Amino acid sequence: MDGIKQTKRRPARTVKVGNVLIGGGAPVSVQSMTNTITEDTLSTVRQIKELESYGCEIVRVAVNTTYAAQSLKDIIKQVSVPIIADIHFDHRLALAGVEAGVSGLRINPGNIGDKKKVKEVAAACKAQAIPIRIGVNSGSLEKGILDKNEGDFAAAMVESALKHIKLLEDESFYDIKISLKSTDVLTTVRGYELLAGHVDYPFHIGITEAGTVFSGAIKSGVGLGILLYKGLGDTIRVSLSDDPVMEVIAGYHILRDLGLREGGVQLISCPTCGRAEIDIVNIAKEFERISFKIKSSIKVAIMGCVVNGPGESAHADIGIAGGKGRSVLFAKGKIIGKFDNEEIFNVLIKEIENITGEKIL
Ligand code: SF4
């Protein structure tokens, strides 16, 4: 990597979610969460498969009812990505999740009742080698903990996390991941920095309820960018008020821009101006959406005219430079040909399929 060097990854113990390693130097993984009703097995499976096709490595589903817990078995049978059950308060749902074959639980042991219940959940998870993520959220801190920390959310989140961790450690359970999420970037960063001084469990990082695909992706990019740059993060979830596929796309963007994951499309597209000869904005948008299915490393330039178009396109693996009625297609620095603007998009896709050997559409 050129220029400034990233901080070394914080050494964290390894946790295994299905076939995905988290921590211990494993690649930072990308996860998301379904937004379907979990009982609706058909829609949930469809969404998980869609997420899988975009490279999502772990999928979390809300398990808030016995019916949701019952549909887990069916869901897990039909998908290959590891499934994590997200559970609040009810330890019976956690036990049902383990029974159904989930690869991980997200549950805060301090919220599920007495020690006996924590013991039961920890024992069930241990028997199946299922890790537990403790997920502390600034919006649902225990009563009094914020006042005790004089309104310091970061410190309060850390105290809360340590309390939950202790409950599991008391059961000799150490297969733990932790998240501390706030809607505020700097509070989240400080929380993880503080917690890193206390434990070596891997960190699941994210900015909670970050917003829409536009503001949320920016906020997450800034927050996760800082954390990852500091070496604090082992798995990420970009939380967006949108199709969860966008979370996966944003997640890979962040990791690739930091040089933490390889592969995929690097898209160079011009902002367009009065010289543009083709509809760059829509071509680039349409291309970007499908481009996230491409696994190979490839640089694609989508340029509006002959001013910068030929130069950028020639330096990319493949590119188009818009022209009046007809646009030029470049591959590996050479002109492949001139094509009608109506067909240039399809020609571009076909040529990328030829170069990568991947079927895109
Ligand atoms: S490539 Fe052409 S259309 Fe695009 S911004 Fe540059 S000058 Fe404008």
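Author: Let us begin with a term: two residues are in contact if their C-beta atoms, placed from the backbone, lie within 7 Å. The structure shown is a predicted model, in which local features need pLDDT of at least 70, side-chain atom pairs count only at pLDDT 80 or more, and totals for chains, interfaces and linings use all residues. Residues are numbered from 1 along each chain as its sequence is written.

Reader: With which residues is Leu95 in contact, leaving aside its neighbours within four places in sequence?

Author: Those residues are Glu120, Val121 and Ala124. Leu95 itself lies in helix α3; helices (H or I, at least four residues) and strands (E, at least two) are DSSP runs, numbered from the N terminus.

Reader: Is Leu95 buried, exposed or partly exposed?

Author: A residue is buried if 20 or more other C-beta atoms, placed from the backbone, lie within 10 Å of its own, exposed if 12 or fewer, and partly exposed in between. Leu95 counts as partly exposed because it has 19 C-beta neighbours inside 10 Å.

Reader: Which residues of helix α3 are buried?

Author: An α-helix has 3.6 residues a turn, so residues three or four places apart point the same way. In helix α3 (residues 91-100), the buried residues are His91, Leu93, Ala94, Ala96, Gly97 and Val98. They pack against α2, β5 (83-86), β6 (104-106) and α4 (115-128). Just after α3, Gly101 takes a positive phi of about 100 degrees.

Reader: How is the packing of α1 and α2 described?

Author: Two packed helices are described by the angle between their axes and the distance between the axes. Axes are lines fitted to C-alpha atoms, for helices over the stretch in contact, and angles run from 0 to 180 degrees between N-to-C directions. Helix α1 (residues 41-53) packs with helix α2 (residues 66-78) at an angle of about 35 degrees, their axes being 10 Å apart. The contact is made by Thr41, Thr44, Val45 and Ile48 of α1, together with Ser71, Asp74, Ile75 and Gln78 of α2. These residues divide into 3 nonpolar, 4 polar and 1 charged; Ala, Val, Leu, Ile, Met, Phe, Trp, Tyr, Cys and Pro count as nonpolar, Asp, Glu, Lys and Arg as charged, and the others, Gly among them, as polar.

Reader: Which residues surround the ligand?

Author: A residue is near a molecule or strand if its C-beta atom, placed from the backbone, lies within 6 Å of it. Around the ligand are Cys270, Pro271, Thr272, Cys273, Arg275, Ala276, Met303, Gly304, Cys305, Val307, Asn308 and Gly309. This shell divides into 7 nonpolar, 4 polar and 1 charged.

Reader: Where does Met303 lie, and is it buried or exposed?

Author: Met303 lies in strand β12 (residues 298-303). Met303 is buried because 29 other C-beta atoms lie within 10 Å. Met303 and Cys270 are 33 residues apart in sequence, yet 5.3 Å apart in space, C-alpha to C-alpha. Leaving aside neighbours within four places in sequence, the contacts of Met303 include Cys270, Asn308, Gly309 and Glu312.

Reader: Into which domains is the chain divided?

Author: Domain bounds come from an automatic or database domain assignment. Here the chain is divided into domain 1 (15-257) and domain 2 (265-356), and the C-alpha centres of the two domains lie 38 Å apart.
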